[in-house]
Amino acid sequence: MDSQLSGGFLKHTLFPPKIFTPNSITLSNGVIVRHNAIGVVEITPPVSDKAIVISSGIHGDETAPIELVDDLVSSILDEAFQPTSRLLFIIAHPDAIHAHTRFIEENLNRLFADTNPLRNKECQLANNLQEQVQTFFKKGTEEPWHFDLHSAIRASEHYMFGVVPASTKVTDIRPLVSFLKASHMDAVMLSRTPSSTFSWYSAEKFGALAATFEMGRVARLYENNMEEFKPLRDALVALLCGETLPAPSKEKGFSNYKVTRTITKTSEAFNLAFSDDAANFTYFAEGEQLAEENGTVYSAIAGGEAVVFPNSKVAIGQRAALLVQPFEPNLSEPLYVNVERDPGPVAFS
Ligand SMILES: O=C(O)CCC(=O)N[C@@H](CCC(=O)O)C(=O)O
Ligand SMILES: [Zn+2]
């Protein structure tokens, strides 16, 4: 086994050697494991039908995804399962992981719109990751997928959910929704506007079936209860190995939301009208005030809206909250998360 990875992918990423040289090994099952860069491992099986990026650690304090990625890479190295897709595993931001923070200078997950001028470490990281993903997808013609794994800052009415970015591509995302259900996630949220996130980058530039996954809530490394994410791990292994996905949960329901509005903070005067620790998907009835900034009042629209990722402390110019409404997709027809198409009528209970 590659001596650099023998101590584990996460350990190497957090404590890399002074000089890193890309290297690769071939496992006895014919799978090639290439350590492309610190925090980036590429898996190439002899035959592949999908090209799947699984990224974690974009935010340094969201650690369950990092533990999951480390575990999947170890299992492949141990030949515990044999992938039939090309894979790119990423642990993105070791400095932020060491510092137990979301980011050091700038939110990395807002830097995927384009190549960034090098004003800080996050810009460099975003540029490197864009290059890695571009090279990976352009290497083959397999179906492109990207799961960017995160954990929410606050409590949530839905513990595990997927956020599907809106792109200008016409990609039918029903296989992605099936995967979320097979992972026993609680909900999907369809964006309506471009967002410069890592999953948006793969959806927009490569037409990937891409989503941000919210896996529970932030916790210190190794203080996560990884049993909670076993259904996601099982579904990932099935997808990576070309096997039938697990059946959706019989106990849990599955909710569909579409984003109605994005509230952007434009000045330091921005205030949310509710408590800072309100849970994701807290519902506000029509007319209830949500936020205020320099005399502009944001209130819930007809039918009410639920609030997701509210954060008044974001940098000026960034998203301070998403507002969503439930809807029922018609899954007998293609489902597009395209900036120009409404995914379907709102469904109020
Ligand atoms: O809990 C929060 O407020 C943030 C959790 C998180 O990092 N979420 C991602 C979502 C990205 C997307 O919209 O696809 C983020 O804010 O970057
Ligand atoms: Zn995050």
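Among contacts in the chain between residues at least 6 apart in sequence, 71% join residues at least 24 apart; two residues are in contact if their C-beta atoms, placed from the backbone, lie within 7 Å. The model is predicted, so local features need pLDDT of at least 70 and side-chain atom pairs count only at pLDDT 80 or more, while totals for chains, interfaces and linings use all residues. Residues are numbered from 1 along each chain as its sequence is written, and chains are lettered from A and ligands numbered from 1 in the order in which they are written.

The chain holds 7 helices and 16 strands. Helices (H or I, at least four residues) and strands (E, at least two) are DSSP runs, numbered from the N terminus. For 349 residues, a compact globule would have a radius of gyration near 20 Å, and the chain agrees with its 20 Å. This radius is taken over C-alpha atoms, and the globule rule is 2.2 Å times the number of residues to the power 0.38. Along the principal axes, the C-alpha atoms fill a box of roughly 65 × 45 × 35 Å.

Of the 349 residues, 45% count as buried. A residue is buried if 20 or more other C-beta atoms lie within 10 Å of its own, exposed if 12 or fewer, and partly exposed in between, with C-beta atoms placed from the backbone.

Leu-10 illustrates the term. This residue belongs to helix H1 (residues 9-14), and Leu-10 counts as buried because it has 23 C-beta neighbours inside 10 Å. Apart from neighbours within four places in sequence, Leu-10 is in contact with Ile-66, Asp-70 and Ile-91. Its C-alpha atom is separated by 9.0 Å from that of Pro-94, 84 residues apart along the chain.

Helix H7 (residues 230-240) has Leu-232, Ala-235, Leu-236, Leu-239 and Leu-240 as buried residues. Seen down the axis of H7, these fall within an arc of 130°, so they line one face of the helix; the arc is that of the directions from the helix axis to the C-beta atoms. The buried residues of H7 pack against several elements, including helix H2 (64-77), helix H5 (174-182) and strand E9 (209-217). Gly-242, which follows H7, has a positive phi near 70°.
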